[in-house]
Structures are given as C-alpha cells and as structure tokens.
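Hi,

Here is the structure I said I would pass on to you. Have a look at it first, and my notes on what turned up follow below.

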Amino acid sequence: MEDVQYLTDGPTSDDCGDLATRSAGASEAVEDDTVAHDAGCPAADVGGSQSSERTATRAVAIPRGTVVLAATPIGNDGDASARLIALLEHADIVAAEDTRRLYALANRLGVHVGGHVVAYHDHNEREKADGLLDRVEAGATVLVVSDAGMPTINDPGLAVVRRAIERGLPVTCAPGPSAVLDALALSGLPTDRFCYEGFLPRKHSERMQYLRTMRAERRTMVFYETLHRIDESMADLLEAFGPDRPMALCRELTKEYEQVRRGTIGEIRQSVVDDPPRGEMVLVVGGASETDVQAAAPASLSVADLAVLAVDRALEDGLRIKDAIMQVVEEHPLPDGSLANRKQVYAAVLAMKS
C-alpha cells in the first residue's frame with residue numbers, strides 16, 4: 001500500500017483552524033493523501049516552541065500495512081522527532097510497553113494518540129504478535145514503542161519483528177534516542193568496535209562468572225546497571241578486570257542532571273563509594289589490551305603434552321594415531337585461537353615410542 005504523507009513543522013498561527021479540520025481523522029488522510037500535521041500550532045507544538053515564524057514544511061510518511069518500531073526520548077522530551085509525533089497521531093494501532101507512560105509522554109508533547117492503544121510488554125509480546133500482524137496484513141500501521149529508547153534493545157519488540165519476517169510483512173524503524181549510543185559517544189572510549197551486553201546478571205556468583213568470560217574481549221563493552229546494584233557491580237568489575245581498565249559511568253543521560261564519570265575502574269569504583277550515583281546508569285568499559293588477553297587466556301598445552309593426550313586417546317577409543325592427534329589439537333587451541341602444528345605433535349609421538 002502507498003504511504004500517506006503528513007506535513008510537519010510548517011503551519012503558522014493563521015493556519016491552525018484549517019489544519020485541524022484537514023487532519024481530523026485517518027480516513028480523511030487517505031482521501032486527501034496529504035494532510036498537514038498541526039505540529040506548529042500552539043496546542044500541539046513539537047518540543048514546546050510556539051514560534052509562528054517556522055514556515056518550512058517537510059513530509060512525514062505514515063507507511064500503511066507496516067510495523068514501525070519508533071524510538072522515544074530517554075530523558076529529554078525535546079528529542080522526540082517530528083516522525084515519532086506524526087506516528088503517534090496517525091498510526092492505527094500503538095503497541096506500548098506501558099500505556100500510562102505512553103499517554104504521559106503524549107501529553108507532555110501535546111500530541112493526541114489517534115489509534116487504538118494496546119499494552120505490549122515482556123509478558124505478552126509473543127502471544128500478541130500475530131494479532132497485531134493480522135492487522136498489518138489488512139493494511140494497518142502498527143506502531144511499537146517502549147518506555148524509553150529503541151524497542152527490541154533490552155525492551156519488547158523482538159517477537160513481533162521475528163514473526164513479521166516469518167510472515168513476509170514489512171517492518172521499518174523511526175530511529176532516535178539510544179542510551180547505548182549516547183553513552184558510547186560520551187565515554188571517550190573507542191567506538192569503531194563495541195558490544196552491547198545489556199544488564200549485568202543480578203547475583204554476585206553469576207555476575208563474576210559472566211565477567212570472567214569477558215576478560216579477553218577486545219571491543220569496548222556497554223552494560224546497563226541499576227541504582228540498587230551499582231555498588232556491588234563496580235566491586236565485581238574491579239575484581240574481574242583489575243583497577244586500571246578505562247571506563248565511563250554515564251547517568252541520567254539527556255536529562256538536566258546528566259553526568260559522565262570517566263577514569264579507570266578503580267577510580268570509578270571509589271567515586272561510587274564516595275558519592276553514590278542515582279538514576280539510570282550505563283557503564284562503558286574499555287576492551288582488553290594484548291596484555292589483558294594473554295593474562296586471561298587459559299594455559300596452553302605444549303607439543304609434548306598434546307602428544308601424550310593423543311596416545312592416550314588412540315588407545316582408549318581405538319583410533320588411528322593421526323585421527324587422535326587431530327581431535328586433541330582441535331580441542332586445545334593456542335592462546336591466540338590458532339591450532340598447534342599436527343606434524344610437530346606426530347613427531348613428538350614418534351619420539352615417545354623410540
């Protein structure tokens with residue numbers, strides 16, 4: 001189906017009455033094919049500005065028969081895009097992680113949510129996905145929003161995306177605020193390669209086991225953490241990575257009291273003890289250096305050790321010595337991920353027999 005175009009950021013105060021009539025409903029939008037969205041009028045001005053001097057217009061397409069994942073502000077309502085506002089007003093269905101927060105955001109933006117609103121969260125997203133997609137198949141625009149940031153990134157949305165792909169239905173994004181990218185950019189740490197790891201495990205033992213597996217990770221790492229666990233998690237980061245790894249603790253991103261603490265893990269850990277941070281937090285940790293990788297690598301077996309294992313494997317499993325050597329070498333990679341030379345292992349086996 002063709003997209004319906006809505007114009008935003010264009011009207012002056014003299015145009016408001018006419019625009020309100022022209023954008024009265026989605027059905028009229030389909031007939032007219034171009035509807036002016038009243039973002040520039042005082043009652044529904046985007047971002048709070050009520051200037052009547054903005055005259056430039058731009059079209060915002062509302063794709064019909066499509067799932068649209070839209071990013072919502074993570075703290076600053078001024079980050080709401082014209083596209084998000086148009087989608088909130090004109091989507092047929094809005095699937096929201098928390099309907100109360102959706103309406104609160106809409107009220108702050110001066111936006112009327114025009115479509116049918118449904119709760120779509122972690123506990124029901126799988127069972128509701130097909131029902132939403134049935135409406136998409138019939139031509140509806142289904143908007144999916146989380147409480148803050150981008151759906152599917154530690155928030156609901158993945159189930160409907162996967163089912164849409166399986167059913168061959170279109171999915172698109174209205175991108176916007178992201179705590180992950182915001183923190184990464186502000187950290188001052190390398191951004192060319194990074195991995196997002198979500199929330200750290202809740203329990204100390206599970207958290208330590210997980211962090212130990214990340215010791216040799218060369219990419220910049222991004223984690224979420226809560227106010228209630230930040231002290232324990234910083235202690236575990238210190239134990240797992242040592243005091244000298246660079247990191248940043250980012251809190252209350254995009255809000256008035258935004259703060260970024262930069263330093264080593266040891267320094268940030270002490271700052272958490274001395275001045276406990278509040279609010280939502282993102283932790284950005286530098287990747288492993290070559291020294292860190294070598295220290296984290298398991299001890300590698302020598303050629304002689306591999307030869308002994310291969311002889312034992314051949315006797316126990318009734319294998320040819322060459323097959324036993326191949327298995328043992330593949331099971332015991334070197335610290336850099338490469339494999340030992342099988343010819344050298346075979347020569348060591350022959351030397352054992354002589």
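In this predicted model, an open sheet is built from 5 strands in the order 9-10-13-11-12, with mixed pairing. The edges are taken by strand 9 (194–199) and strand 12 (259–264); each has a single partner strand, so one side of each has no neighbour in the sheet. From one strand to the next, the twist averages 15 degrees.

Phe-223 has Leu-283 in strand 13 as its bridge partner.

Two helices go with these strands. Helix 9 (residues 230–241) lies across strand 10, strand 11 (246–251) and strand 13, and runs at about 5 degrees to strand 13. Helix 10 (residues 265–274) also packs on the sheet, where it touches strand 11, strand 12 and strand 13. The direction of helix 10 makes about 130 degrees with that of strand 12.

As for the whole protein chain, its secondary structure comes to 14 helices and 13 strands. Of its 354 residues, 44% are buried. Taking the contacts between residues at least 6 apart in sequence, 72% join residues at least 24 apart. The accessible surface of the chain is about 18,200 Å², and carbon and sulfur atoms account for 49% of that.

Methods. Residues numbered from 1 in each chain as written. Predicted model: local features only at pLDDT ≥ 70, side-chain atom pairs only at ≥ 80, totals over all residues. Heavy atoms only, no water. Pairing = 2+ DSSP bridges. Helix = DSSP H or I, 4+ residues; strand = E, 2+ residues; numbered from the N terminus. Axes fitted to C-alpha atoms, helices over the stretch in contact; angles between N-to-C directions. Contact = heavy atoms within 4.5 Å. Buried < 20%, exposed > 50% of the residue type's maximum accessible area, 1.4 Å probe, protein only. Areas by Shrake-Rupley, 256 points an atom, 1.4 Å probe, with all protein chains shown as cover.
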